[in-house]
Amino acid sequence: MLIPARRAMSDGIPCLWMRGGTSKGAYFLARDLPQDRAAMDALLLRIMGSPDARQIDGIGGGDPLSSKVAVLSPSMRGDADVDYLFLQVFVDQPLVSDAQGCGNILAGVGPAAIERGLVAARDGQTNLRIHMVNSGEIAEAIVQTPGGRVSYDGSVRIDGVPGAHAPIGLMFTGLAGSICGTLLPTGRARDVIDGIACTLIDNGMPCVILRAEDAGISGTETPAELEADRHLKILLETIRLQAGPMMGLGDVAEKTVPKTTLVSPPRAGGMIATRSFIPHRCHSSIGVFAAVTVATACAIPGSTAYDLAHRPDGDTYLVEHPGGATDVVLGFDDRGQVVRAGQTRTARKLMDGLVFPGPARAG
């Protein structure tokens, strides 16, 4: 039974605040939020403190990477254990978007589902199937549960996160065209927009991939340097707005997809170097599905990434980003098509309690 929004707001709303991969977000049970989507969005804006650059009156961190929400519920599908809806709460606009999924926040879904009793833990490790509501696809997760309880302690390190933690295995199938309907929405490995070659691709995340040098940069710049490059940001947004309709996404001016990723030759032993925009802020690392999509582009002859990539002999692809590198495991069929992808992530429970939304804003 859904808890009425009035009661939940006055008494506080159960909330898990977790790090998932290189992001942070609020994990809620669907039953604790309003059923009406507009009412839910309004409530989440108040909880996060948006719109405000600092999100000072909410729990958001003033950055898209820490203004994220996962809404969990028992799955309505027979092939999944839990439903996961991802919502991106904009920092400086009164917008909440479900136009994409998030693989980093996904890393915390398994632990959160077990913590909240949606999935029973097994001794040792618990395998669960997660229905990613945004795309309709299924992810398989492996969570460490010694003694039947979630453990966040371990020896796995991921770039962009200090310290070591327990591994969370994620495996995906059927990601191609998750939002756009097909891997290459235009049917081509390379398109030209305003004279710049771009690969428009969706293998879990709709991305516009272009070479850093074609955008007038080296690809070694820090996120702060790219954030300060007004000409670059205008260029990328102009290309993104044109790519949206080409990818079947329509007008994307107020959408979080497609992302724009600049690629360059690897410099730290990986396959490719990236600078990813999400879509208007430069990511301090790279999202899970964006990394999968970029890695996939590196395997497609004719793409903007193909000639820059140092492809490995094995099936593990290292995608470099400002904070280090992230591993992507790709599986191919006998035609050389990518049919599955996986990553090892970590997550950690940061806070479990009640969150109290601020007052509604006029207008």
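Which residues line the second largest cavity? Its lining consists of Tyr 84, Gln 100, Gly 101, Met 132, Asn 134, Ser 135, Leu 175, Ser 178, Ile 179, Gly 204 and Phe 289, where a lining residue has an atom within 4 Å of a cavity point, and a cavity is a set of points on a 1 Å grid over the protein atoms alone where a 1.4 Å probe fits but cannot get out. The model is predicted, with local features needing pLDDT of at least 70 and side-chain atom pairs pLDDT 80 or more, whereas totals for chains, interfaces and linings use all residues. Residues are numbered from 1 along each chain as its sequence is written, and side-chain values use heavy atoms, without hydrogens and water.

**Cavities**
- Two cavities of 30 Å³ or more are found in a search of the whole structure, a volume being the space filled by probe spheres set on grid points joined across faces, edges and corners.
- The largest has a volume of about 160 Å³, and among its 19 lining residues Lys 68, Gln 100, Met 205, Lys 259 and Gly 287 lie nearest its centre.

**Nonpolar cores**
- The largest nonpolar core has 85 residues, of which Leu 72, Tyr 84, Leu 106, Phe 172, Leu 210, Leu 262 and Ile 272 touch the most other members; a core joins buried (under 20% relative accessible area, 1.4 Å probe, protein chains only) Ala, Val, Leu, Ile, Met, Phe, Trp, Tyr and Cys residues through side-chain atoms within 4.5 Å.
- A second, separate core of 19 residues includes Ile 13, Phe 28, Leu 85 and Val 96.

Definitions and conventions: On a 1 Å grid over the protein atoms alone, a cavity is a set of points where a 1.4 Å probe fits but cannot get out, and a pocket is an open set with protein on both sides within 12 Å along at least five of seven lines; lining residues have an atom within 4 Å of a point. Buried means under 20% relative accessible area, exposed over 50%, partly exposed in between (1.4 Å probe, protein chains only).
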